[in-house]
Amino acid sequence: MAEITEGTWFAYQLTVLRGGRNHRDPSIEKYTIIKIDGDDVTVQMEVNGAGAETVMTKKTFGSFIFDMSGLEKKGSENMKTPFGHMYVNIFESSRDGGSERIFIGKDNIVFKDVRTRLQSEDVLYTETRELCWTNMKL
């Protein structure tokens, strides 16, 4: 069983759609676990290799990054990923006027996060983050 430790990093490709069309070019969000102190985790986030900022999260978060509170398990499936086929559990919620769906595998690793909400004029806005690289052995 692999474990997320200090120095572990995850890179997610972010794709944003507005009204079913690309809203902006895809970007890469890299999250590096800087410090683990009990249940508290310090994470450094960079977008496209720049703009590093520090955020505080919890060990209970998926990949120590994605807040899972309020999500309910809705099923499971085998999912094709850049790391091969992975068995994932699917968690969903409807909150804040939108919905979220997280695909999480063994060792608390989030392979995909999809957040959707209606914007003004009933336009659907969707952010999809898919794990594309990590230094963790999966």
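Colleague: Are Glu 29 and Arg 129 buried or exposed?

Modeller: Both Glu 29 and Arg 129 are buried in this predicted model. Glu 29 counts as buried because its relative accessible area is 5%, and the cut-off is under 20%.

Colleague: What do their side chains do together?

Modeller: They meet in a salt bridge, 2.7 Å from N to O. The pair ties together distant parts of the chain: Glu 29 sits in strand S2 and Arg 129 in strand S9, 100 residues apart.

Colleague: Why would two side chains like that pair up?

Modeller: Side chains of opposite charge can pair when their charged atoms come close.

Colleague: Okay, and what else is Glu 29 in contact with, skipping its neighbours within four places in sequence?

Modeller: Among them are Phe 10, Tyr 12, Met 45 and Val 47.

Colleague: How many salt bridges does the structure hold?

Modeller: Seven. One of them joins Arg 115 and Asp 113, at 2.8 Å from N to O. Asp 113 is buried, at 0% relative accessibility, while Arg 115 is partly exposed at 32%.

Colleague: New topic: which residue stands opposite Asp 113?

Modeller: That's Ile 102, with Asp 113 being in strand S8. Strands S7 and S8 pair in the antiparallel sense over seven bridges.

Colleague: What about the hairpin between those strands, which residue takes a positive phi there?

Modeller: Asp 107, with phi near 65°; the hairpin has five residues between the strands.

Colleague: And how many residues of S7 are buried?

Modeller: Five of its seven, so S7 is mostly covered.

Conventions
Residues are numbered from 1 along each chain as its sequence is written. This is a predicted model: local features need pLDDT of at least 70, side-chain atom pairs count only at pLDDT 80 or more; totals for chains, interfaces and linings use all residues. Side-chain values use heavy atoms; hydrogens and water are left out. Buried means under 20% relative accessible area, exposed over 50%, partly exposed in between (1.4 Å probe, protein chains only). Helices (H or I, at least four residues) and strands (E, at least two) are DSSP runs, numbered from the N terminus. Two strands pair if DSSP finds at least two bridges between them. Contact means heavy atoms within 4.5 Å. A salt bridge is a side-chain nitrogen of Lys or Arg within 4 Å of a carboxyl oxygen of Asp or Glu.
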